[in-house]
Each structure stands twice: as structure tokens, then as C-alpha cells.
Amino acid sequence: MKRSFDLILTVPVVVVLLPLLIVTAILVRIKLGAPVIFRQQRPGLLGKPFYMYKFRSMTDERDSEGNLLPDSVRLTSFGRLLRKLSLDELPQLWNVIKGDISLVGPRPLLMAYLPLYSEDQARRHEVKPGITGWAQVNGRNAISWEEKFILDVWYVDNRSFMLDLKILWLSCKKLIRPEGIQHGNHATMPVFEGRVTHHDSQ
């Protein structure tokens, strides 16, 4: 049922948003150069890797040794606008159509984080990741990693069609009044280094 709902909603949305997708792609090419689409391997259902697509929002600026500069330096004002309006996430609609992700589910993070999760945190991979999720409508990047994972696992245990509708509705409201995009002084979230939550230590 969830897969059918994803397709029924996503395909018409892609058609309606096609002009916006084209305009955004052109602006990204002008402002940030090529490639327009940022592609990165992320863990999907049960941790199986897939390639996630986003509009590019950062430059490729590097230091004298060839290392990429911090995200906060490479993220331009145009890139910040893309993220504020969530326009950088639009190419993930193709991931939904392909079946890599769902509209609603825990956000797919980095492959490098997989061995860092506690047993409880790893349960977030028991469902398909999503474009938006329970953690995104309850703080997004303004909350800690521990809080994010608690919310993700809560979603896994309480997921339902009505909950998904609620999350989609709250996500639409967040688009009108964007918040929680940054975490402190970080452009998005600091790197997850593996932490033990209060739940795990009991």
C-alpha cells in the first residue's frame, strides 16, 4: 500500500514540478557549475546501498593539500537558499519512483555511519528511508543525533498510513516556515561519531 501511495503521489508531483526542476537545474549550473546533480551512496532498507540524488548546493573548494574545505565554507548563499526551500531535495523524487526510498521514512545518512550505530539506532534501517520523516518535522538539524535516532526508531515502531499523512502535512508546513536547517555553527549536522543514548545504557 505504501509503495502504491508513493507512486500515486510522486509521479503527478514530478510532472507539476518539472518546470521548477528545470529552472533550478539551470540556476545550479550557472551559480555552482557542473555537475548539477550531486550523487552519493547511502544506506537504504536493511542498510543496502543505493545512490541518492540531490541538486548540488556546495562548491568544490579545497585547501592547499587538496582536501575539501568545511561544508560551512563551501555552502554559498545560493546553496543555503536551495536548502532553506528544500529545492536541493527535489531529485530524490526520482529515488522514490525507482523504489530506493519512500516519501516518508528515516532520512538516509552516510554509509560510513553504519558500523557506528548501536543495536537500537540501527533499527532505523528496518524500513525504507524517506525524503522526510518524523525527526525532520520534530526539529530537523536543530536536534542532536541521539534525539534524531530516538525519533527514527519511534517511527519504525509506530508507522502507519495516517502517521505518514501527518508527517507529509507537517513537512508542507515546514516548507512555508523553514526552520532547523542548521545545527549550531554547522551548515547542517556535525559528523556522527557514534554515541550511546540514554535508552541504550539502561
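**Backbone, helix packing and salt bridges in a predicted model**

Serine 86 is buried, at a relative accessible area of 17%; buried denotes under 20% relative accessible area, exposed over 50%, and partly exposed the range in between (1.4 Å probe, protein chains only). The model is predicted, so local features were required to have pLDDT of at least 70 and side-chain atom pairs pLDDT 80 or more, whereas totals for chains, interfaces and linings use all residues. Residues are numbered from 1 along each chain as its sequence is written, and side-chain values use heavy atoms, with hydrogens and water left out.

Serine 86 lies in the loop between α3 (77-84) and α4 (92-98). Helices (H or I, at least four residues) and strands (E, at least two) are DSSP runs, numbered from the N terminus. Most residues other than glycine have a negative phi, and most peptide bonds are trans. Serine 86, however, has a positive phi, near 60 degrees. Leucine 46, also not a glycine, has a positive phi of about 60 degrees. Leucine 46 is placed in the loop between β1 and β2 (49-55) and is exposed, with 70% relative accessibility. A cis peptide bond joins alanine 34 to proline 35, with omega near -5 degrees. Proline 35 belongs to the loop between α1 and β1 (37-43).

Two packed helices are described by the angle between their axes and the distance between the axes. For α1 and helix α6 (residues 161-176), the axes come within 11 Å and cross at roughly 30 degrees. Helix α1 is therefore roughly parallel to α6. Axes here are lines fitted to C-alpha atoms, for helices over the stretch in contact, and angles run from 0 to 180 degrees between N-to-C directions. Angles under 35 degrees count as roughly parallel, over 145 as roughly antiparallel, 65 to 115 as roughly perpendicular, and the rest as oblique. Within helix α6, leucine 163 is buried at 9% relative accessibility.

Isoleucine 22 is located in helix α1 (residues 2-32) and is partly exposed, at a relative accessible area of 45%. Together with Leu18, Val23, Ile26, Leu27 and Ile30, Ile22 makes a nonpolar surface patch of about 540 Å². Patches consist of residues with over 30% relative accessible area and no salt bridge, with like charges joined within 9 Å and nonpolar side chains (Val, Leu, Ile, Met, Phe, Trp, Tyr) within 5 Å. Accessible areas come from the Shrake-Rupley method with a 1.4 Å probe; for residues, only the protein chains shown count as cover.

Nine salt bridges are present in the structure, each defined as a side-chain nitrogen of Lys or Arg within 4 Å of a carboxyl oxygen of Asp or Glu. One of them pairs aspartate 152 with arginine 124 (2.8 Å, N to O). Aspartate 152 is in helix α5 (residues 145-158) and arginine 124 in the loop between β3 (102-104) and β4 (130-132), so the pair ties together parts 28 residues apart in sequence. Aspartate 152 and arginine 124 are both buried. Glutamate 126 pairs with arginine 123, the closest N and O atoms lying 2.9 Å apart; glutamate 126 is partly exposed at 39% relative accessibility, as is arginine 123 at 23%. In the salt bridge between lysine 98 and aspartate 100, the closest N and O atoms are 3.4 Å apart. Lysine 98 is partly exposed at 41%, whereas aspartate 100 is buried at 18%.
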